[in-house]
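Please look through the sequence and the model shown here before reading the briefing that follows.

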Amino acid sequence: MAQCTIGAGIVVNGRITGQATVSVSGRVEGTVSLDDELIVETDGVVVADVEADNVTVRGAFEGTLNVRDTIRLCAGCAVTGDLRAPSI
């Protein structure tokens, strides 16, 4: 699959949809709907309602995670909101 990177210093406000892995080192606000994985990197911030196959949080997340497979919460991450997945 393809990969998209939202780099440090970049702010996306709105809706992200796609069939690629999205890696966030910047800031995303809004909604995210992926047929792949969302990765919130250590310096990334996501404030959103998210639907994805898998989510890995290393940075900060606030909102709702509706995940079809696995949510991975890494040491040092900050998560606030509702998490739903078969495996956390």
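Which residue in E6 does Glu37 stand opposite? Glu37 stands opposite Asn54 in E6. The model is predicted, so local features need pLDDT of at least 70 and side-chain atom pairs count only at pLDDT 80 or more, while totals for chains, interfaces and linings use all residues. Residues are numbered from 1 along each chain as its sequence is written, and side-chain values use heavy atoms, with hydrogens and water left out.

**The chain as a whole**

- The protein chain has zero helices and eight strands, where helices (H or I, at least four residues) and strands (E, at least two) are DSSP runs numbered from the N terminus.
- Of the 88 residues of the protein chain, 39% count as buried, a word that means under 20% relative accessible area, with exposed meaning over 50% and partly exposed lying in between (1.4 Å probe, protein chains only).
- Along its principal axes, the C-alpha trace of the protein chain spans about 30 × 30 × 20 Å.

**How the strands pair**

- Two strands pair if DSSP finds at least two bridges between them, and strand E3 (residues 21-24) pairs with E5 in the parallel sense over three bridges.
- Within that pairing, Ser23 has Ile39 in E5 as its bridge partner.
- E5 also pairs with strand E6 (residues 45-57), in the parallel sense and over four bridges.
- Strand E2 (residues 11-18) and E4 run parallel and are joined by eight bridges, and the bridge partner of Val12 in E4 is Val28.
- E4 and E6 run parallel as well, joined by seven bridges, and here Val28 has Val46 in E6 as its bridge partner.

- A nonpolar core is a set of buried Ala, Val, Leu, Ile, Met, Phe, Trp, Tyr and Cys residues joined through side-chain atoms within 4.5 Å, and the largest one has 19 residues, with Leu38, Val46, Val50 and Val55 having the most contacts inside it.
- E3, strand E4 (27-34), E5, E6 and strand E7 (60-73) each supply at least two residues of this core, and the largest share, six residues, comes from E6.
- Leaving aside neighbours within four places in sequence, Val46 is in contact (heavy atoms within 4.5 Å) with Val24, Val28, Val40, Ala60, Phe61 and Glu62.

- Val47 has its place in strand E6, and it counts as partly exposed because its relative accessibility is 28%.
- Not counting residues up to four places away in sequence, Val47 touches Arg27, Val28, Glu29, Gly30 and Glu62.
- Val47 and Thr80 are 33 residues apart in sequence and, from C-alpha to C-alpha, 9.4 Å apart in space.
- Thr64 has its place in strand E7, and it counts as buried because its relative accessible area is 17%.
- The side chain of Thr64 makes a polar contact with the side chain of Asp49 (3.4 Å); a polar contact is a pair of N or O atoms within 3.5 Å, and within protein one must be able to donate a hydrogen and the other to accept it, while residues adjacent in sequence count only if both atoms are side-chain atoms.
- Not counting residues up to four places away in sequence, Thr64 touches Ala48, Asp49, Val50, Asp82 and Arg84.
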